[in-house]
Every structure is written in structure tokens, then in C-alpha cells.
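Here's a quick briefing on how the pieces of this fold sit together. Have a look at the model first, then we'll go through it by topic.

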Amino acid sequence: MSVAAEKYTEANLLQQVDVIIEREGGLLEAFVPIELIDQEEVAYDEEHAQELAASIKKQSEKQNSTGQLSAVLLAEVPGLDRFVIIDGFHRTSALTSLGKTEAYATIKPNCTWDEVVDLRIVAAKSHKSVKFARIVEWVEEAWQRTEWSSKINSSSAFQLYFLPKQTGGRSGLTQDEAQA
């Protein structure tokens with residue numbers, strides 16, 4: 001682990017945010033430094049991000065706040081040195097483009113990658129322009145974390161599940177493996 005990464009270990013990641021309140025279910029409302037948010041590349045609608053930036057700027061000037069009308073949803077995944085975005089890729093980008101240094105966020109602590117992917121897929125359904133691309137990307141990412149990824153690709157797994165006549169033979173799977 002690099003010296004920079006050690007600075008952001010999971011133990012002190014949550015200690016570096018300004019927690020406002022703990023909500024039901026252990027969710028945290030907080031102001032999070034943008035540098036602690038992993039701004040990974042995902043399917044993205046630039047026009048939407050620009051519209052959000054304009055809205056955030058207007059709200060920020062009017063109310064002397066972050067300008068966000070809704071929180072970014074983040075996950076704290078043990079072992080990672082940054083928070084992972086579940087929902088709010090456009091908001092985070094808009095805040096960054098405006099030179100903001102923190103985002104108002106809801107944090108789901110101690111989250112697994114499976115939970116992150118599941119929640120991302122649910123959240124992506126409301127983003128029509130990027131929904132399909134993001135879902136495909138995250139399904140493939142989740143599949144790569146399974147024990148089956150070295151034997152069969154995600155597309156073939158879907159076919160096995162949804163087309164009962166498929167046996168998995170073409171993929172080199174036994175009948176038991178195909179069933180599993």
C-alpha cells in the first residue's frame with residue numbers, strides 16, 4: 001500500500017468525514033471531502049452533469065450551502081481507501097467541476113461489493129440515458145467476482161438461466177455445474 005493510500009485506510013476513512021447524524025439502519029449523513037470519493041469512470045451524460053452543475057451553483061449561491069438538492073449515496077467498503085459511489089456520479093462530477101471540496105452524502109458503512117452492485121443497478125433504473133450501459137457494466141463487474149467467471153461469461157450464464165434447453169455443454173460445463 002502506498003503512503004498516500006495508507007492515509008485513507010478503512011479505519012480512519014469514516015473519521016475523515018463530518019458526520020451530521022446517524023440514521024436508522026446505520027446510515028450516516030455526512031459532509032465528505034471529494035478527494036475521499038472514488039470517481040470511477042462509468043456511463044455518463046455530460047449534458048445532465050452540466051445541468052446539475054448550474055442548479056447546484058444557483059442553489060449554493062442562494063443558500064450558502066453545497067447547493068445539492070439530494071445527497072450522493074456512498075458505500076464504505078472495508079479494505080478500500082475511498083468511498084464508492086452507489087448513486088450520484090453526475091452530482092459528484094458537477095460538484096467537482098464547480099470546484100467544491102466536499103459533497104453532502106449518505107454513507108452505507110461496511111458494505112460488500114455485492115451490495116454495491118445491487119444498489120447501483122436499482123439506482124441506475126432512474127437514469128434513462130445511461131441505465132442500460134451502467135447495468136451491463138456492473139453485471140459484468142459483479143460476474144468477474146464470482147467463481148464461475150473463469151469458466152463461463154456472464155452472457156452465457158444468463159442464457160443458461162433464461163433458456164431452459166441450454167445445457168452448458170458448449171461452455172464445457174457439466175450438467176451439475178450448469179444447474180448450479
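Axes here are lines fitted to C-alpha atoms, for helices over the stretch in contact, and angles run from 0 to 180 degrees between N-to-C directions. Helices (H or I, at least four residues) and strands (E, at least two) are DSSP runs, numbered from the N terminus. This is a predicted model: local features need pLDDT of at least 70, side-chain atom pairs count only at pLDDT 80 or more, and totals for chains, interfaces and linings use all residues. Residues are numbered from 1 along each chain as its sequence is written, and side-chain values use heavy atoms, with hydrogens and water left out.

**Helix packing**
- H3 and H4 pack with their axes 8 Å apart, at an angle of about 60°.
- On the H3 side, the contact (heavy atoms within 4.5 Å) includes Leu 52 and Ile 56, and on the H4 side it includes Ala 94 and Leu 95.

**The sheet**
- You get an open sheet of 6 strands, ordered S1-S2-S6-S4-S5-S3, with mixed pairing (strands pair if DSSP finds at least two bridges between them).
- S1 (18–22) and S3 (37–38) are the edge strands, each pairing on one side only.
- S3 pairs with S5 (residues 83–87) in the parallel sense, over 2 bridges.
- Phe 83 in S5 is the bridge partner of Ile 37.

**Lys 58**
- Lys 58 sits in H3, which covers residues 46–63.
- Its relative accessible area is 55%, so Lys 58 is exposed (over 50%, with a 1.4 Å probe and protein chains only).

Definitions and conventions: Buried means under 20% relative accessible area, exposed over 50%, partly exposed in between (1.4 Å probe, protein chains only).
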